[in-house]
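Me: I'd like to go through a structure and ask how we know what we say about it. Can you help me check the labels one by one?

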Amino acid sequence: MGSKSTAAERPRAGAEPGRLALVCILAWLIPGAGHLLQKRRDKGLVFLVAIPLMFAIGLWLSGRLFPLEWSDPLVFLGAIADRGVGLPYLIARLMDAGAGTVTDQSYEYGNTFLMTAGLLNFLVILDAFDIAMGRKTPGNLSERAGGTGAKAPAQR
Amino acid sequence: MTTTSHFWLMVLYALFVSVVFAVLMRDDPREQVRSAGLMTLAFVGVAYVLGWLMYPFPL
């Protein structure tokens with residue numbers, strides 16, 4: 001692990017386009033599934049619990065699932081964020097949840113929880129993508145962030 | 001009608017975001033817990049201080 005490696009030497013086993021697409025779609029549909037698929041069980045389980053729970057709390061707080069409305073850019077961006085959470089969003093739509101109660105004091109909190117859950121899942125998808133590309137080995141990110149992880153191969 | 005404390009909702013929000021960030025950023029479970037705790041404290045502390053700093057200003 002201590003020796004330097006070039007881009008050509010990095011593991012490429014998971015870089016096939018079909019597998020990459022599968023990882024990304026699964027990671028979007030079920031938060032944490034991209035990590036579970038790549039044997040990052042602990043991380044995957046944390047995402048699997050935390051992100052849908054955050055989304056559910058957003059619904060409980062009377063948050064609104066925004067429609068894709070081009071005329072209002074902020075609503076449109078909110079709608080993209082809401083959809084980032086994947087299956088929980090689809091289930092909520094099927095159940096007619098997320099209508100939002102504007103007069104409720106927790107309405108804005110609900111929106112914030114809903115949108116943040118989706119945006120966090122986008123980050124989780126990107127992380128799963130990086131793992132599939134072989135850009136992440138255990139320890140190298142901790143070191144880059146100032147932690148005490150094992151010495152990592154040179155990146156890029 | 002959902003009645004909830006704004007402060008505790010903020011703490012809950014900070015906790016969720018911190019946990020996901022910490023798990024994304026760190027690989028060692030002990031470091032993940034430490035990072036999540038520090039980030040939660042930082043989120044809540046900064047929001048609390050900013051809240052009091054904004055208190056005298058009318059919107």
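**Checking the labels**

Reply: Let's start with a pair of charges: the side chains of A:Asp42 and A:Arg41 form a salt bridge, 3.7 Å from N to O. Before going on, note that this is a predicted model, where local features need pLDDT of at least 70, side-chain atom pairs count only at pLDDT 80 or more, and totals for chains, interfaces and linings use all residues. Residues are numbered from 1 along each chain as its sequence is written, chains are lettered from A and ligands numbered from 1 in the order in which they are written, and side-chain values use heavy atoms, with hydrogens and water left out.

Me: What makes A:Asp42 and A:Arg41 a salt bridge?

Reply: The rule asks for a side-chain nitrogen of Lys or Arg within 4 Å of a carboxyl oxygen of Asp or Glu. This pair has 3.7 Å from N to O, so it meets the rule. In general, side chains of opposite charge can pair when their charged atoms come close.

Me: Why is A:Arg41 called exposed, but A:Asp42 partly exposed?

Reply: Buried means under 20% relative accessible area, exposed over 50%, and partly exposed in between (1.4 Å probe, protein chains only). A:Arg41 has 56%, so it counts as exposed. A:Asp42 has 49%, so it counts as partly exposed.

Me: How many salt bridges are there over all chains?

Reply: There are four by this rule. Another of them pairs A:Lys43 with B:Asp27, at 2.9 Å from N to O. A:Lys43 lies in helix H3 of chain A and B:Asp27 in the loop between H1 and helix H2 (29-54) of chain B, so this pair joins two chains. (Helices, H or I with at least four residues, and strands, E with at least two, are DSSP runs numbered from the N terminus.)

Me: Is A:Lys43 buried or exposed, and what is B:Asp27 called?

Reply: A:Lys43 has 10% relative accessibility, so it counts as buried. B:Asp27 has 24%, so it is partly exposed.

Me: What is the salt bridge of A:Asp130?

Reply: The side chain of A:Asp130 meets that of A:Arg135, at 3.0 Å from N to O. A:Asp130 is partly exposed because its relative accessible area is 23%. A:Arg135 is partly exposed too, with 26%.

Me: Why is A:Asp127 called buried?

Reply: A:Asp127 is found in helix H6 of chain A, and its relative accessibility is 5%, so it counts as buried. Leaving out residues up to four places away in sequence, A:Asp127 touches A:His35, A:Lys136 and B:Leu24. Touching here is a contact, with heavy atoms within 4.5 Å.

Me: Which residue just after H5 of chain A takes a positive phi?

Reply: That is A:Asp96, with a phi of about 60°.

Me: Why is A:Ile91 called partly exposed?

Reply: A:Ile91 lies in helix H5 of chain A, and its 41% relative accessibility makes it partly exposed. A:Ile91 belongs to a nonpolar patch on the surface, whose members, including A:Leu45, A:Leu87 and A:Leu94, have about 960 Å² of accessible area together. H3 and H5 of chain A are the elements that give two or more residues to the patch. A patch is made of residues with over 30% relative accessible area and no salt bridge, with like charges joined within 9 Å and nonpolar side chains (Val, Leu, Ile, Met, Phe, Trp, Tyr) within 5 Å. Accessible areas come from the Shrake-Rupley method with a 1.4 Å probe, and for residues only the protein chains shown count as cover.

Me: Which residues touch the most other members of the largest nonpolar core?

Reply: Of its 22 residues, they are A:Phe47, A:Ile51, A:Met54, A:Phe55 and B:Val20. A nonpolar core is a set of buried Ala, Val, Leu, Ile, Met, Phe, Trp, Tyr and Cys residues joined through side-chain atoms within 4.5 Å.
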